[in-house]
Amino acid sequence: MFDNALKTFNEMPQLNCDRTVLSFNALLGACVNCKKFDEVETYFRQVPAKVSIEPDLVSYNTIIKAFCEMGSLDSALLMVDEMEKKGLKPDLITFNTLLHVFYGNNHFVDGEKVWARMNSESVEPDIRSYNAKLLGLANEKKTLKAVEVFEEMKTRGLKPDVFSFNTLIKGYCNEGNLEEAKRWFDEMVKRDCAPNKVTFATLVRFSCEKGDYDMAFDLTKEIFKRKCLVDEGLLQLVVDGLGKESKINEAKEVVKLAKSNKFCRYKVNLPSDA
């Protein structure tokens, strides 16, 4: 894909097409989409001078994303400084890219600095911004604070999505609090936010880890009720646990649901001693 994009970009003058910042951004975007992250800076630095164009906000956001994908976080921040020196103001895309990588990779303090910078630039956070912050707090095992941020998000008129709820559930699981994790699952359902594969994987595995196979069984039935696709191993984990707890009827019911449902057939088997 990228080779074709580069070939087209180089051949544009022969086709009587001007190479503009738009075509330049398309080239950078193709480079990122093909995961050639280490090559993006080369094109970013060399191409504009050769074809007499000036990188714009989209150009900078693209190279910032490339640096973030490579884990070169200091370089990503330096690009923000550079764009501001050139009179370009970072936008919500800029900040969300940074927030996602800092908060999501256990650089919470740096994530907070980016959040403060976003506020100083009068850029209003959206649901993606808040979800990144929630993830950072969950990773820091500061789930109570995450709940406060969750409530703040609602006061700003933002509707929590499945990622928001999943992060709180994950946070409480990280802290060993199955009761609160289940409460947020119930709250999620109550607010008509459909649980997904991640929701069930997190809660089912943790309930099995805590030895609460009744909860694991109820959640498994909910998986089939909602026709949610999950990993086969998750279902086998529940069946094996139910078998060890001598809950043979429940284990058989899960196996039956796994093999007879109409949306996805799973190869799940009862334990040999069941």
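Tutor: In this predicted model, helix H12, residues 197-209, and helix H14, residues 232-244, pack at an angle of about 25 degrees, with 10 Å between their axes. Angles under 35 degrees count as roughly parallel, and H12 and H14 are therefore roughly parallel to each other. Their crossing is left-handed. On the H12 side the contact is formed by Phe 200, Ala 201, Val 204, Arg 205 and Cys 208, which meet Leu 234, Leu 237 and Val 238 of H14. Sorted by class, this contact between H12 and H14 holds 7 nonpolar residues and 1 charged residue, with no polar ones.

The axes of helix H2, residues 21-33, and helix H3, residues 37-51, come within 9 Å and cross at roughly 165 degrees. Because angles over 145 degrees count as roughly antiparallel, that value makes H2 roughly antiparallel to H3. Here H2 passes H3 in a right-handed crossing. From H2, the residues in contact are Phe 24, Leu 27, Leu 28, Cys 31 and Val 32, while H3 brings Phe 37, Glu 39, Val 40, Tyr 43, Phe 44, Val 47 and Pro 48. By class, the contact of H2 with H3 has 11 nonpolar residues, no polar residues and 1 charged residue.

The next pair leads on to the pocket. The axes of H6 and helix H7, residues 108-120, come within 8 Å and cross at roughly 165 degrees, and that makes H6 roughly antiparallel to H7. In this case H6 passes H7 in a left-handed crossing. In H6, the residues Leu 92, Phe 95, Leu 98, Leu 99, Phe 102 and Tyr 103 meet a set in H7 made up of Phe 108, Asp 110, Gly 111, Glu 112, Val 114, Trp 115, Arg 117 and Met 118. The classes in this contact of H6 with H7 are 10 nonpolar, 1 polar and 3 charged residues.

Helix H6 also takes part in the lining of the largest pocket, to which it gives 4 residues, the largest share. That pocket holds about 150 Å³ of space, and its lining consists of Lys 65, Cys 68, Glu 69, Asn 96, Thr 97, His 100, Val 101 and Arg 128. The elements that each give two or more residues to this lining are helix H4, residues 57-70, and helix H6, residues 92-104. By class, the lining of the largest pocket divides into 2 nonpolar, 3 polar and 3 charged residues.

Terms used: Residues numbered from 1 in each chain as written. Predicted model: local features only at pLDDT ≥ 70, side-chain atom pairs only at ≥ 80, totals over all residues. Heavy atoms only, no water. Axes fitted to C-alpha atoms, helices over the stretch in contact; angles between N-to-C directions. Parallel < 35°, antiparallel > 145°, perpendicular 65-115°, else oblique. Left-handed = near helix turned anticlockwise from the far one by under 90°. Contact = heavy atoms within 4.5 Å. Nonpolar A, V, L, I, M, F, W, Y, C, P; charged D, E, K, R; others polar. 1 Å grid on protein atoms, 1.4 Å probe; cavity = no way out; pocket = protein on both sides within 12 Å on 5 of 7 lines; lining within 4 Å. Points joined across faces, edges and corners; volume = space filled by probe spheres on them.
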